[in-house]
Amino acid sequence: MCGRFALKNPQALKAAFDLNETPKLPARYNIAPSQDIAAVRMGSHGRELVMLHWGLIPAWAKDPKTGYSLINARAETVAEKPAFRTAFRKRRCIIPASGFYEWKEVAGGKQPYYLTLKNDEPMGLAGLWEHWQSPEGRVIESCTILVTDANGLVKQVHDRMPVILPKEAYAAWLDPEEHAPEHLSLLLRPLDAGEMTAWPVSRQVNNPRNDEAGCLERAPS
């Protein structure tokens, strides 16, 4: 799964995702579910950066609290699951991240690890978004992050990982004219382990209220 990530360099998103403007976002080091997160999607004038609630709320949901359990969607079943299948065909987005956290079972508890790209460039995580509206007119736009089998590096920590799209796949993933699940599913592969690196970090990341650069620092061995 992917339940925590960082976005330390929002100023790099304009170039990384071909946006019209540089986003005015604070650096984040411990982003957690139920928070609003940055997402890239297609708008009327091209790619746009928007803030979406992390935890997808299907349009047909009666209660917005449904979203807390839908922070991730499995790549293997996303095309069929009722909560995700319409968004998979029509409302795809990319979640920018600098890296993500996973927890490894060790003697005495769980050790958090930070996993990122070797080149330190922003990642583009495959996501879906939805528009939900209550009978009273309250609107929430929300999202989920797709996950797949772990590559060789991530597998040393956890058996699942977010789908990290290669840059050449961004256009196809965001294309509003592409609706075929058989084409889209080809993009949902684990990123090559050789492009990534990982290190243990302090258990301060366990608490989402700890949102400072120290969360990314290598834990003393």
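A charge counts as sitting over a ring if NZ of Lys or CZ of Arg is within 6 Å of the ring centre and within 35 degrees of the ring normal. In this predicted model, the charged end of Arg92 meets that rule over the ring of Trp173, at 5.6 Å from the ring centre. Arg41 is placed over the face of Trp129, 4.2 Å from the centre of that ring.

Five of them make an open sheet in the order 2-1-7-8-12, and the pairing is antiparallel. Strand 2 (28–31) and strand 12 (196–200) are the edge strands, each with pairing on one side only. From one strand to the next the twist averages 30°. Strand 1 (residues 5–7) is joined to strand 2 by two bridges in the antiparallel sense; Leu7 has Arg28 of strand 2 as its bridge partner.

The model also holds six aromatic pairs. One of them is Tyr101 with Trp103, a tilted pair with 6.5 Å from centre to centre and 45° between the planes. Both Tyr101 and Trp103 are buried. Tyr101 also pairs with Tyr114: the ring centres are 5.3 Å apart and the planes stand at 50°, so this pair is tilted. Because Tyr101 belongs to strand 7 (residues 99–106) and Tyr114 to strand 8 (residues 109–117), the pair ties together parts that are 13 residues apart in sequence. Tyr114 is buried, as is Tyr101. Tyr101, Trp103 and Tyr114 belong with Trp199 to one aromatic cluster.

Definitions and conventions: Residues numbered from 1 in each chain as written. Predicted model: local features only at pLDDT ≥ 70, side-chain atom pairs only at ≥ 80, totals over all residues. Heavy atoms only, no water. Pairing = 2+ DSSP bridges. Helix = DSSP H or I, 4+ residues; strand = E, 2+ residues; numbered from the N terminus. Axes fitted to C-alpha atoms, helices over the stretch in contact; angles between N-to-C directions. Phe/Tyr/Trp six-rings, centres within 6.5 Å; stacked < 30°, edge-to-face > 60°. Buried < 20%, exposed > 50% of the residue type's maximum accessible area, 1.4 Å probe, protein only.
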